[in-house]
Every structure is written in C-alpha cells, then in structure tokens.
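I opened my notebook today to look up which charged side chains pair with one another, and to write down each pair with care. The entries follow the order in which I looked things up.

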Amino acid sequence: MRVVIAILVGLLLFLQYRLWVGEGSLAEVNNLKQEISQLQKELVGLRERNRALQAEVEDLRSGQTAIEERARSELGMIKEGETFYQVIAPSDEKGDE
C-alpha cells in the first residue's frame, strides 16, 4: 500500500512540476499569449499601412492630379506661369552675444 501511495505522490509531484515549470507550463502559455497579442497589434498597424499605400498606388494609377501633387511636393516642380516662393524660417541659433 505504501508503494502505491509513494508512486501516486511521485506522479502528483511530476505533474505539478510540468504544470508550473515544464514544457507547456502556465507561464509559457501566458508568455505566448502576450506575444500573440503584441504581434496582432503590429499586424493591425501593418495592414493600415498597406491600405494607405494601396490607396496611394491607385491614386497614382488613376489620374494626373496625384502625379502632379507628388511632383510638386517631392521634386519642387511648378506649372508654366506660376511663381515659386520659398519661405525660410529664421534659425533659432543664439550666437555669442
């Protein structure tokens, strides 16, 4: 009878060890859930970025307005007859006064 009890106690201790510390333990499951949550948040951000890029691609494919806007903002191009004014903000440098 004592041998059966000893075996059962040993089995109980082994299962408790596996539950709290071993492979597939509660701590490991909790860490994996946190990692999944973080990756899902990152995925939402990446999907939003993809939607914005896809919308920009569609704008560039569909019309001249988006191409003209991009040429103006990134390349500094102007239309014929327009005058270009560049406003330079004063620097905040404080010299040796």
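I began with Lys79 and found that, leaving aside its neighbours within four places in sequence, Lys79 is in contact (heavy atoms within 4.5 Å) with Glu68 and Arg72. Before going further I noted that this is a predicted model, in which local features need pLDDT of at least 70 and side-chain atom pairs count only at pLDDT 80 or more, while totals for chains, interfaces and linings use all residues. I also noted that residues are numbered from 1 along each chain as its sequence is written, and that side-chain values use heavy atoms, with hydrogens and water left out.

Entry on Lys79 and Glu68. I looked up where Lys79 sits, and it lies in the segment after H3; helices here are DSSP runs (H or I, at least four residues), numbered from the N terminus. Lys79 and Glu68 are eleven residues apart in sequence, and their C-alpha atoms are 9.4 Å apart in space. The two form a salt bridge, with 3.3 Å between the closest N and O atoms; the term means a side-chain nitrogen of Lys or Arg within 4 Å of a carboxyl oxygen of Asp or Glu. This pair links distant parts of the chain, since Glu68 belongs to helix H3 (residues 64–75) and Lys79 to the segment after H3. I then checked accessibility, where buried means under 20% relative accessible area, exposed over 50%, and partly exposed in between (1.4 Å probe, protein chains only). Glu68 is partly exposed at 32%, and Lys79 is partly exposed at 45%.

Entry on Arg72 and Glu82. Which parts of the chain does this pair tie together? Arg72 lies in helix H3 and Glu82 in the segment after H3, so the pair ties together parts that are ten residues apart in sequence. Their side chains meet in a salt bridge of 3.0 Å, N to O. Arg72 counts as partly exposed at 31% relative accessibility, and Glu82 counts as partly exposed at 34%.

Entry on Glu58 and Arg61. These residues both lie in helix H2 (residues 26–62), three residues apart, which is about one turn of the helix. Glu58 is partly exposed at 37%, whereas Arg61 counts as exposed at 66%.

Last entry. How many salt bridges does the rule give? I wrote down a count of five salt bridges.

How values were computed. Helix = DSSP H or I, 4+ residues; strand = E, 2+ residues; numbered from the N terminus.
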